[in-house]
Amino acid sequence: MTPSGPFLTEREAAAYLTLSPSTLNRWRVIGGGPAFRRLGRRVAYAMADLQAFADARSATHTGSPRAA
């Protein structure tokens, strides 16, 4: 995956997190997803925000609260 600049598109961000773009879209509406920016009409994600989001959800076993 090659980023399109300092920010990733929704599709690029979803690929980075191995999610569907519709999941990111749903999280933007209901909350709980990674931080995003609205640049005009475009939605963009910073790589650092995506990495922080993923790091915050690391778990050591399936019984970890974050794994639920």
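Student: What makes strand 1 and strand 3 count as a pair?

Tutor: In this predicted model, 2 bridges join strand 1 to strand 3 (residues 42-46). Pairing requires at least two bridges, so the two strands qualify. They run antiparallel, and Leu8 stands opposite Tyr45 in strand 3.

Student: Why is the contact between Glu10 and Arg28 called a salt bridge?

Tutor: Their side chains meet at 2.9 Å, N to O. The cut-off is 4 Å between a side-chain nitrogen of Lys or Arg and a carboxyl oxygen of Asp or Glu, so this pair passes. The bridge links distant parts of the chain, with Glu10 in helix 1 (residues 10-17) and Arg28 in helix 2 (residues 21-30), 18 residues apart.

Student: How do you know that Asp49 forms a salt bridge with Arg37?

Tutor: The closest N and O atoms are 2.2 Å apart, and the limit is 4 Å, so the pair counts. Asp49 lies in helix 3 (residues 47-55) and Arg37 in strand 2, 12 residues apart. The structure holds 2 salt bridges.

Student: And what makes Arg37 buried, exposed or partly exposed?

Tutor: Good one! Arg37 has a relative accessible area of 31%. Buried means under 20% and exposed over 50%, so Arg37 is partly exposed. Glu10, at 23%, is partly exposed too.

How values were computed:
Residues are numbered from 1 along each chain as its sequence is written. This is a predicted model: local features need pLDDT of at least 70, side-chain atom pairs count only at pLDDT 80 or more; totals for chains, interfaces and linings use all residues. Side-chain values use heavy atoms; hydrogens and water are left out. Helices (H or I, at least four residues) and strands (E, at least two) are DSSP runs, numbered from the N terminus. Buried means under 20% relative accessible area, exposed over 50%, partly exposed in between (1.4 Å probe, protein chains only).
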